[in-house]
Amino acid sequence: PFVEGIDESNKKVLVFAGFLHDIGKGGDQVYKYYTKPDHPQDGFNYLIGKKDYIVSKNNTRFDFKTWLKAQGFSDEEYRLITVLAGGHTLFGKNVLKPWRKKEKHPHELFDDFVKNLELLASQACYNNGVVTEQFVRMAVLISAADLYGMNPVKITFPIVCVELPEIQNYVPAPHQKEKIMYDVVNPEEDC
């Protein structure tokens with residue numbers, strides 16, 4: 001159900017975010033692909049330009065912003081790709097794992113997920129740090145694709161309907177009828 005309602009223009013964004021989601025496992029000339037737990041943050045930093053992504057032994061730097069602009073993406077789309085790729089583990093880390101351990105109520109876990117997305121969006125100067133329903137759907141899709149790629153099993157989570165400010169449609173949730181309002185926090189510093 002999360003793919004429903006995603007604008008056609010954002011489908012290309014999703015493809016590139018999916019393509020780049022594990023970029024943090026490279027770029028440092030250290031090839032330990034499966035043992036880099038900080039790869040989401042590293043990938044975010046490579047994509048946003050806070051950290052150099054080295055592509056050769058002579059320290060040639062790859063500029064993701066220039067490359068994505070050459071693919072026809074706007075500045076805002078480039079920032080969205082950066083946030084989606086950098087946050088690709090957030091749903092599994094902030095929602096699924098703690099939920100399976102029954103650490104918190106699902107509403108609190110989903111709140112944590114959204115707050116972390118807001119933080120990344122603010123850091124990337126994407127949409128003034130505002131997280132929309134479409135953005136949340138896209139982030140869940142990237143996370144689900146990553147999780148399914150590692151372990152192809154059915155992923156279920158009892159998320160209730162989510163109502164975000166200025167959004168008319170709700171993220172549907174099986175077996176629940178309640179709605180939750182998430183406060184959207186604007187970043188304190190301008191991008």
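**Aromatic pairs in the model**

User: Phe16: buried or exposed?

Analyst: Buried. The relative accessible area of Phe16 is 17%, so Phe16 falls under the 20% cut-off. Keep in mind that this is a predicted model.

User: OK. How many aromatic pairs in the whole structure?

Analyst: A search of the whole structure turns up ten.

User: How do the rings of Phe16 and Trp67 sit: what distance, what angle?

Analyst: Their centres are 5.7 Å apart. The planes make an angle of 50°, so the pair is tilted.

User: Which parts of the chain does that pair link?

Analyst: Distant ones. Phe16 belongs to helix 1 (residues 8–20) and Trp67 to helix 3 (residues 64–70). The two are 51 residues apart.

User: And what does Trp67 count as?

Analyst: Partly exposed. Its relative accessibility is 26%.

User: New topic. Why is the pair of Phe110 and Phe113 tilted?

Analyst: Because their planes are at 50°, which is between the 30 and 60 degrees cut-offs. The ring centres are 5.5 Å apart.

User: Where are Phe110 and Phe113?

Analyst: In helix 6 (residues 106–123). They are three residues apart, so about one helical turn separates them.

User: Are they buried or exposed?

Analyst: Phe110 and Phe113 are both buried.

User: Back to Phe16. Which cluster do the ring pairs link?

Analyst: Ring pairs join Phe16 and Trp67 into a cluster with Phe19, Tyr46, Tyr53, Phe62, Phe64 and Phe73.

User: What sits over the ring of Phe73?

Analyst: The charged end of Lys12. It lies 4.8 Å from the centre of the Phe73 ring.

How values were computed
Residues are numbered from 1 along each chain as its sequence is written. This is a predicted model: local features need pLDDT of at least 70, side-chain atom pairs count only at pLDDT 80 or more; totals for chains, interfaces and linings use all residues. Side-chain values use heavy atoms; hydrogens and water are left out. Rings of Phe, Tyr and Trp (its six-membered ring) pair if their centres lie within 6.5 Å; planes under 30 degrees apart count as stacked, over 60 as edge-to-face and the rest as tilted. Helices (H or I, at least four residues) and strands (E, at least two) are DSSP runs, numbered from the N terminus. Buried means under 20% relative accessible area, exposed over 50%, partly exposed in between (1.4 Å probe, protein chains only). A charge sits over a ring if NZ of Lys or CZ of Arg is within 6 Å of the ring centre and within 35 degrees of the ring normal.
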